Amino acid sequence: METKAIQDIYPEDYAWCYGCGRRNETGLHLKTVWDGEKTVTTYTPREEHIAIPGFVYGGLLASLIDCHGTGSASMTLHKKNGHVIGDGAQAPRFVTASLKVDFMKPTSHGAELKAIGVVEELHLKKFKVITEVYADEVCCAKGEVIATVMPDAFKPNR
């Protein structure tokens with residue numbers, strides 16, 4: 001298993017996302033890695049991530065699925081292009097074209113969340129990522145992200 005996450009090598013200009021941006025001081029700092037052919041992101045909710053006392057806010061689960069999906073797509077294209085995380089090549093950056101989340105069970109606050117994804121290529125620059133989120137071995141949410149390579153409109157003027 002690789003030791004660095006794809007988010008560790010996102011270009012500096014695109015590392016500001018609240019969910020996965022390493023440069024966002026108040027963000028979640030989600031990190032996605034390979035585990036065999038699947039992708040994994042883990043996160044332990046903070047105190048403020050509650051819906052009601054004792055349970056995680058559903059929006060956090062959606063954010064986890066969202067950033068896990070775009071990170072998984074980025075890793076998949078990076079690998080398809082012949083690279084591994086840490087080889088010096090810049091990672092492609094993806095954005096979410098579609099996000100679908102189904103909440104399966106209430107999610108107890110305090111447990112580490114583990115998002116596990118499977119990636120399917122839909123097009124040269126578009127991927128579908130199916131994700132299941134677990135807390136204490138219980139599947140609490142399932143989601144689907146359609147991720148596409150970041151369009152030029154997002155790129156800074158240079």
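**Charged pairs, a helix and a pocket**

Reply: Glu132 is partly exposed, with a relative accessible area of 27%; here buried means under 20% relative accessible area, exposed over 50%, and partly exposed in between (1.4 Å probe, protein chains only). The model is a predicted one, in which local features need pLDDT of at least 70 and side-chain atom pairs count only at pLDDT 80 or more, while totals for chains, interfaces and linings use all residues. Residues are numbered from 1 along each chain as its sequence is written, and side-chain values use heavy atoms, with hydrogens and water left out.

The partner of Glu132 is Lys142, and their side chains form a salt bridge at 3.9 Å, N to O. Glu132 sits in strand S7 (residues 126–135) and Lys142 in strand S8 (residues 138–149), so the bridge ties together parts ten residues apart in sequence. Lys142 also counts as partly exposed, at 35% relative accessibility. A salt bridge means a side-chain nitrogen of Lys or Arg within 4 Å of a carboxyl oxygen of Asp or Glu. Strands (E, at least two residues) and helices (H or I, at least four) are DSSP runs, numbered from the N terminus. In general, side chains of opposite charge can pair when their charged atoms come close.

Over the whole structure, nine salt bridges are found. One of them joins Glu12 to Arg22, at 2.7 Å from N to O. This pair links distant parts of the chain, ten residues apart, with both Glu12 and Arg22 in the segment before strand S1 (32–35). Glu12 is partly exposed at 43% relative accessibility, and Arg22 is partly exposed at 29%. Arg23 joins these two in a network of salt bridges. Another pair is Glu48 with Arg46, at 2.8 Å from N to O. Here Glu48 is exposed, with a relative accessible area of 52%, whereas Arg46 is partly exposed at 26%.

Helix H1 is another matter. Of its 23 residues, 17 are buried, so H1 is largely enclosed by the rest of the structure. The expected span of a helix is 1.5 Å times one less than its number of residues. For H1 this gives 33 Å, and the end C-alpha atoms are 33 Å apart, which agrees. Gly82, with a positive phi near 90°, follows H1.

Thr76 belongs to helix H1 and counts as buried, at 18% relative accessibility. The C-alpha atoms of Thr76 and Ser63, 13 residues apart along the chain, are separated by 20 Å.

The largest pocket holds about 160 Å³ of space. Helix H1 (58–80) and strand S5 (94–103) are the elements that give two or more residues to its lining. Among the lining residues are Asp66, Cys67, Thr70, Phe94, Val95 and Thr96. The lining divides into eight nonpolar, two polar and two charged residues. A pocket is an open set of points on a 1 Å grid over the protein atoms alone, where a 1.4 Å probe fits, with protein on both sides within 12 Å along at least five of seven lines; lining residues have an atom within 4 Å of a point. Grid points are joined across faces, edges and corners, and the volume is the space filled by probe spheres set on the points. Nonpolar covers Ala, Val, Leu, Ile, Met, Phe, Trp, Tyr, Cys and Pro, charged covers Asp, Glu, Lys and Arg, and the others, Gly among them, are polar.
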